[in-house]
Amino acid sequence: MARTTSPGGRKQTITLTDNSTGKTVEFPLLKGRLGPKVIDIRNLYGATGYFTYDPGYTSTGSTESAITFIDGDKGVLLHRGYSIEELAEKSDYMEVCYLLLNGELPNRAQKREFEHTITMHTMVHEQLNYFFRGFRRDAHPMAIMCGVVGALSAFYHDSTDIGDPHQRMIASYRLIAKMPTIAAMAYKFSIGQPFMYPRNDLKYAENFLYMMFGVPCEEFQVNPVLAKAMDRIFILHADHEQNASTSTVRLAGSTGANPFACIAAGIASLWGPAHGGANEAVLQMLGEIGHTKNIKSYLARVKDRNDPTMLMGFGHRVYKNYDPRAKVLQKACHAVLKELKIKNDPLLDLAMELEHIAVNDDYFIERKLYPNVDFYSGIILKAMGFPTSMFTVLFAVARTVGWVAQWSELIEDPVQKIGRPRQLYIGKGRRKFVPLSKRK
Ligand code: ACO
């Protein structure tokens, strides 16, 4: 990690003065390769006796990382230095997985070997079929994902020793490879169709579509345009720096928990409507608005402070500009609708009109609220035939590589220790216990 020093060669520092005591303490300023400088406050408590207070971690960097960089003001997203636009246009998901895990794009031989290895891990333990049967048929597929992925540690004991680099690697491959299989099983279970075994002759995204939409009693040809769109959706969701679910994975990982348990924790965190659950919420919102003529009244509710209604798919903790992934998805959305010969899709028309009105509205301009990746992903996934309950599941499938890469980075980082934030205590002070007989 590049760190700047002042022109004289001295380390840059920042000084904090405590007005109550007049004491000053210096803290080192760290500079990453890109992005703003960071105040290293690791010795803050030791030097001053104070903690920091930062709900939602809006000003807190929890780790060094060499995987993903975001410039939220400019709408830039880089994976290992490559822009998301270029990766989505010129690369494929397996390459992006390799890149996130290894730091470099693969050459031909490396790519072939990596794809082969992932393909060889796509089947799940046969006993897992019976595990599925314990769920209700109407269970939300994300509930099934949390349970089944957590249970992988009960099936793959030989890759839970986090101190062994080989086991860590096998666990990473297993998670990336098996996630589409488990996701498709969750869907098939919910509609009462037989599980489809993965096919080794198909590429990652193709295989997923086959397991989702194929049935054992007939041939299923995967539409190459849809497979390409699926692959692109996977690329766009592959990693996103220290977001809520990734931080959850890292926090769980910092305790030494096994990788399957950590990724299950990430899936649970992703489920929330403020995070990965937003794409499902976008479609519900579009359904509620119903028609372009209702946009104005809906936006009035969104802007009303006394009304909890949010414009789902808008706003982002980091992006204060267009989410670059939303732009790519908007294009992909048109390609899919064209391929499926869906002309004048009312949902897309409504979404585009809503976007147009919102981005020109002072409320959204002042707050720098732009469409995020979830705004268009729901529409494209719906057109491809996915039920809304599967949207966040697809996000989890794609994000698994990001979680795994970040988890591996954490385990290999000698600086990391168990994640343990402190608090600003506002409860009662110490008081005497009152026996039950004397309580009023
Ligand atoms: N609709 C209406 N107003 C909004 C929205 C929105 N979607 N998002 C933020 N605001 C408003 C807030 O009410 C606040 O207004 P105020 O200053 O008048 O109080 C202001 O914009 C700043 O918002 P914050 O809550 O401080 O923004 P924060 O960074 O905490 O939240 C978040 C980001 C959670 C993504 C939020 O924008 C949101 O809930 N959006 C809708 C859900 C969504 O699309 N989530 C997907 C995120 S991307 C992803 O996970 C892949």
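Buried means under 20% relative accessible area, exposed means over 50%, and partly exposed lies in between. Keep that scale in mind for one residue of this predicted model. Isoleucine 39 has a relative accessible area of 41%, so it counts as partly exposed.

**Isoleucine 39 and its patch**
- Isoleucine 39 sits in strand S3, which covers residues 38-39.
- Together with Ile14 and Ile41, Ile39 forms a nonpolar patch on the surface.
- The accessible area of Ile14, Ile39 and Ile41 together is about 220 Å².
- Isoleucine 39 also has a bridge partner, leucine 29.

**The three-stranded sheet**
- Which order do the strands of the open sheet follow? The order is S1-S2-S3, and the pairing is antiparallel.
- S1 and S3 stand at the edges, and each has a single partner strand, so one side of each is left without a neighbour in the sheet.
- Strand S1 spans residues 13-17, and strand S2 spans residues 24-30.
- Five bridges link S1 and S2 in the antiparallel sense.
- S1 and S2 form a hairpin, with six residues between them.
- Glycine 22 lies in the turn of this hairpin and has a positive phi of about 80 degrees.
- S2 and S3 also run antiparallel, joined by two bridges.
- Strands of a sheet pair through backbone hydrogen bonds.

**A second hairpin**
- How many bridges join strand S4 to strand S5? There are four, and the two strands run antiparallel.
- S4 takes in residues 68-71, while S5 takes in residues 76-79.
- Aspartate 71 has valine 76 in S5 as its bridge partner.
- S4 and S5 form a hairpin with four residues between them.
- Its turn holds glycine 75, with a positive phi of about 70 degrees.

**The nonpolar core**
- The largest nonpolar core has 120 residues.
- Which residues have the most contacts inside this core? They are Met230 and Phe386.
- Set aside the neighbours of phenylalanine 386 within four places in sequence. Phenylalanine 386 is then in contact with Phe208, Leu209, Met212, Phe213, Met230, Leu381, Phe391 and Leu394.

Conventions. Residues are numbered from 1 along each chain as its sequence is written. This is a predicted model: local features need pLDDT of at least 70, side-chain atom pairs count only at pLDDT 80 or more; totals for chains, interfaces and linings use all residues. Side-chain values use heavy atoms; hydrogens and water are left out. A nonpolar core is a set of buried Ala, Val, Leu, Ile, Met, Phe, Trp, Tyr and Cys residues joined through side-chain atoms within 4.5 Å. Buried means under 20% relative accessible area, exposed over 50%, partly exposed in between (1.4 Å probe, protein chains only). Contact means heavy atoms within 4.5 Å. Patches are made of residues with over 30% relative accessible area and no salt bridge: like charges are joined within 9 Å, nonpolar side chains (Val, Leu, Ile, Met, Phe, Trp, Tyr) within 5 Å. Accessible areas come from the Shrake-Rupley method with a 1.4 Å probe; for residues, only the protein chains shown count as cover. A salt bridge is a side-chain nitrogen of Lys or Arg within 4 Å of a carboxyl oxygen of Asp or Glu. Two strands pair if DSSP finds at least two bridges between them.
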